[in-house]
Amino acid sequence: MPKITIDGREVEFTKGQTIIQAALNAGIEIAHFCYHPGMSVAGNCRICLVQIENMPKLQIACATPATEGMVIYTKSEKTIHAQNAVMEFLLINHPLDCPICDEAGECKLQDYSYQYSVGYSRFDELKNEKDKRVALGPNVMFDQERCISCSRCIRFCDEIAKSPQLTFVQRGDHVTIETFPGEELDNPYSMNVIEICPVGALTSREFRFKSRVWEMSFTDTLCPGCARGCNSIMGVRNNNILRIEPRENLKVNDYWLCDWGRLNTTKMVNDEELRITSPMLRLDESSLEKEVLIDVNWDEAISKSISYLKKYERSEIMFVASPFSTLEDNFALKKFAKEIYGSDSIFYIPLIDENFGDDILRKSDKTPNANGLKLLGIKPYSNETINILTSGKIKMLYILNDDIMRIPGADQIAGKIEASIQQISIHNGYSSFANIILPTSTYAEVNGTFVNFQNRIQRLKSAVATLEEERLIGEFSMSRLDKFGAQNDRWTHGTKFNSRPGWKILKLIAKAMGHNFEFENSEEVFIELCLSIPELNGYDYESVGKQGIVTGEKPLVEAE
Ligand code: SF4
Ligand code: SF4
């Protein structure tokens, strides 16, 4: 491979790469604001100027192709002088309002002020005043004074979202960005401009002023909004999800998330009105009124569940799996049906929305784990399933995290069912008919796996605590620290729901019915299920790693 030398270190590069790409691949940091690996090169911020032997002037590393034998200096006197000058220029009109800026703590301009600036300003004129709160669209607020005109947001709209809604207007120090006349920044991917803005000029209207970033904990996880399974980072404070951001995975979602995924997948976790807060029991079995569902404790709910389960024969019970739940939960349900009833009467309900899918990220399949169910050999419902359900032969349903009112003819089915147990997180269309509701932890509260549309198994990680975790973790919770080294207060503050992971509830019921499921945690469930599926033999959570693994692929051992 051809080589260049950066600050005395030889670095290999592939033909066509620029200096900044070769450097970043080799783990060498070259300062940059406008360069973004997912978009075209603009070359306008000039902070990546480097000195190259035999070239009379400094060159921008983002737009200069690497060539064999090139010798580059990123820390020479000339380069440092240029970096100081660019920073001085960028800060001349910057309001320096870090104490009230959402970006503070994760701002490139703030970080580079320490790394590449001289620490004082020679400018003692009045700064330019511009508009501070410009609503560019329903989700993004713009602070004109903070903008450094890097053009990342404009390029994102043009090149990635394919919605050219932003442009520069004016010139010189009056330059700013605006939407085109009559347009808003309103496209399915608009909120990505918030993270790619290297300063605090573009902020989320949802998240604005809710928290300083150092007060939050961050967990690498997945979006459950559709079959793509975009990789995300969940920001939590006081056990409440405040922010979802994209996590780079070039094989799944590149650097992006859709707005729907960020905004709609947190309600099912945070919203106390929607959540099932405790196990519930229908007192009067002859009435289907919602009001007669009362809160009970777990022991009572489990013992009542068993009395229903024992009442019906194998041929009278059907199990409803969930494409919204993890592989682990669905495996436990399938095992429960098989080991306790010898039953294969298990199906799931797909959710396809052709209007949702696009050719960027969003998939029409709005479930995160339909391919996981296929791996487990669980099929979607068929006409035959509906016929059986409406025939009256099935007297009891055990439903994992779904709403059977989504099946055509559901009213008729609901009328034929004598008893039902629902393991769900939020109230749904069928919950007013259920005899027992067992609160199940949401995707944000569990460890587990989803299988996306590419058959890539990916990890979900627990970011929000439940009462169950608090009980189990006990003293240990007090010593948990977040990435800034501060007390991670999701473990000690905020509302915690009395929910349990789906597989754990099934294990509890199975145990009370005399069957011992040996797994003790979600990884043990995963290992057991992998042993039962040839394509997954030998996988564990470590082999799934940070970026997932395609079924059948040889596990790569990757440090977490
Ligand atoms: S708003 Fe942010 S991303 Fe857009 S040009 Fe200004 S600094 Fe760059
Ligand atoms: S494309 Fe799908 S998985 Fe990705 S953020 Fe949107 S809803 Fe979530």
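In helix H14, the buried residues are Gly 502, Trp 503, Lys 504, Ile 505, Leu 506, Lys 507, Ile 509 and Ala 510. They belong to a predicted model. H14 runs over residues 502–512, and eight of its eleven residues are buried, so the helix is largely enclosed by the rest of the structure. Buried here means under 20% relative accessible area. Both Lys 504 and Lys 507 are among these buried positions. Just after H14, the backbone reaches Gly 514, which takes a positive phi of about 90 degrees.

The chain as a whole gives the setting for this helix. It has 560 residues, of which 54% count as buried. Its secondary structure comprises 16 helices and 24 strands. The C-alpha trace spans about 85 × 50 × 50 Å along its principal axes. Among contacts with a separation of 6 or more, 63% join residues 24 or more positions apart.

Two further helices, H9 and H15, were examined as a pair. Packed helices are described by the angle and the distance between their axes. H9 covers residues 327–341, and H15 covers residues 522–531. Their axes come within 9 Å and cross at roughly 65 degrees. The crossing is left-handed. On the H9 side, the contact is made by Leu 327, Glu 328, Phe 331 and Lys 335. On the H15 side, Ser 522, Val 525, Phe 526, Glu 528 and Leu 529 take part. By class, this contact has five nonpolar, one polar and three charged residues. An α-helix has 3.6 residues a turn, so residues three or four places apart point the same way.

The model also holds ligands. Ligand 1 is surrounded by 13 residues. The closest of them are Cys 147, Cys 150, Ser 151, Cys 153 and Cys 197. The shell around ligand 1 has ten nonpolar, two polar and one charged residues.

Conventions
Residues are numbered from 1 along each chain as its sequence is written. Chains are lettered from A and ligands numbered from 1 in the order in which they are written. This is a predicted model: local features need pLDDT of at least 70, side-chain atom pairs count only at pLDDT 80 or more; totals for chains, interfaces and linings use all residues. Side-chain values use heavy atoms; hydrogens and water are left out. A residue is near a molecule or strand if one of its heavy atoms lies within 4 Å of it. Ala, Val, Leu, Ile, Met, Phe, Trp, Tyr, Cys and Pro count as nonpolar, Asp, Glu, Lys and Arg as charged, and the others, Gly among them, as polar. Axes are lines fitted to C-alpha atoms, for helices over the stretch in contact, and angles run from 0 to 180 degrees between N-to-C directions. Helices (H or I, at least four residues) and strands (E, at least two) are DSSP runs, numbered from the N terminus. A crossing is left-handed if the near helix is turned anticlockwise from the far one by less than a right angle, and right-handed if clockwise. Contact means heavy atoms within 4.5 Å. Buried means under 20% relative accessible area, exposed over 50%, partly exposed in between (1.4 Å probe, protein chains only).
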